[in-house]
Amino acid sequence: ALRMQAVHADDVADAYARAILSDAHGAFNIAAGPLLDPRVAARTFHGVRVPVPGFALKGAAAARWWLRLQPIDSGWVQLGLKAPLMSCDRAATELGWQPRHDAVSALKELIAGMADRAHDDGGPPLSGDPALPGRLGGLLKGRLPGTGNPY
């Protein structure tokens, strides 16, 4: 049941510009296809799809949180399992918006950027600082994930 939608930042910027320049009011859903699910992820990253029940994912996340091995609780797994899917029909109809990048290419670019450490050290989530909580340097100094204010 784990599934999500994605969109490239350039496509979000295009939709935002179109909304500002139009007479439309209200919120717009912005996402590109295809829907990202385990089959798409396995095919995209040349992996093997391994079905895991949702309760097992939630239990593993809860245990890792409780043991301070990860900085987020099992609620994020629940969110991933129950995330609503958005229709972008209104953006297409009222703004003439269509994504230029599909969700798979946006995800691949995100993963490649993470692998290349393409960040600006603008804050702890993107920082390369090994002494932050949950990282090896931080753990050696007693900074456990989920403790203190990393910001």
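Q: Where is arginine 68 found?
A: In this predicted model, arginine 68 is found in the loop between H3 and helix H4, the latter covering residues 75-82.

Q: What about its backbone, what is phi of arginine 68 near?
A: Phi of arginine 68 is near 60°, which is a positive value in a residue other than glycine.

Q: And which ring does the charged end of arginine 68 sit over?
A: The charged end sits over the ring of tryptophan 65, at 5.2 Å from the ring centre.

Q: Which other arginine lies over the face of a ring?
A: Arginine 90 lies over the face of phenylalanine 28, and the distance to the ring centre is 4.0 Å.

Q: What does arginine 90 form a salt bridge with?
A: Its partner is glutamate 94, and the closest N and O atoms of the two are 2.9 Å apart.

Q: Where do glutamate 94 and arginine 90 lie?
A: Both residues belong to helix H5, residues 89-95, and they are four residues apart, about one turn of the helix. Glutamate 94 is partly exposed, with a relative accessible area of 43%. Arginine 90 is also partly exposed, at 30%.

Q: How many salt bridges does the count come to?
A: The count comes to two salt bridges. The pair in helix H5 is one of them. In another, the side chains of arginine 18 and aspartate 14 meet, with an N to O distance of 3.1 Å.

Q: Where do arginine 18 and aspartate 14 lie?
A: Both lie in helix H1, four residues apart, about one turn of the helix.

Q: Why does aspartate 14 count as buried?
A: Aspartate 14 counts as buried because its relative accessibility is 14%, and buried means under 20%. Arginine 18, on the other hand, is partly exposed, with a relative accessible area of 30%.

Q: Leaving aside neighbours within four places in sequence, what is aspartate 14 in contact with?
A: With those neighbours set aside, aspartate 14 is in contact with Trp97 and Arg100.

Q: What percentage of the residues in the protein chain is buried?
A: Of the 151 residues in the protein chain, 23% are buried. The accessible surface of the chain comes to about 10,500 Å², and 61% of that area belongs to carbon and sulfur atoms.

Q: Which residues form a nonpolar patch on the surface?
A: Leu2, Val48, Val50, Val52 and Leu57 form the patch, and together they have about 450 Å² of accessible area. Valine 52, one of these residues, lies in the loop between helix H2 (38-44) and helix H3 (54-66). Valine 52 is partly exposed, at 42%.

Q: Where is the place of histidine 46?
A: Histidine 46 is in the loop between H2 and H3. Its phi is positive, about 55°, although it is not a glycine. Histidine 46 counts as exposed, at 74% relative accessibility.

Q: Which peptide bond is cis, with omega near 0°?
A: The peptide bond from glycine 33 to proline 34 is cis. Proline 34 has its place in strand S2, residues 32-36.

Q: Last topic: how many aromatic pairs does a search of the whole structure find?
A: A search of the whole structure finds zero aromatic pairs.

Terms used. Residues numbered from 1 in each chain as written. Predicted model: local features only at pLDDT ≥ 70, side-chain atom pairs only at ≥ 80, totals over all residues. Heavy atoms only, no water. Phe/Tyr/Trp six-rings, centres within 6.5 Å; stacked < 30°, edge-to-face > 60°. Lys NZ or Arg CZ within 6 Å of the ring centre and 35° of its normal. Buried < 20%, exposed > 50% of the residue type's maximum accessible area, 1.4 Å probe, protein only. Areas by Shrake-Rupley, 256 points an atom, 1.4 Å probe, with all protein chains shown as cover. Patch = residues over 30% accessible without salt bridge, like charges linked within 9 Å, V, L, I, M, F, W, Y side chains within 5 Å. Salt bridge = Lys/Arg side-chain N within 4 Å of Asp/Glu carboxyl O. Helix = DSSP H or I, 4+ residues; strand = E, 2+ residues; numbered from the N terminus. Contact = heavy atoms within 4.5 Å.
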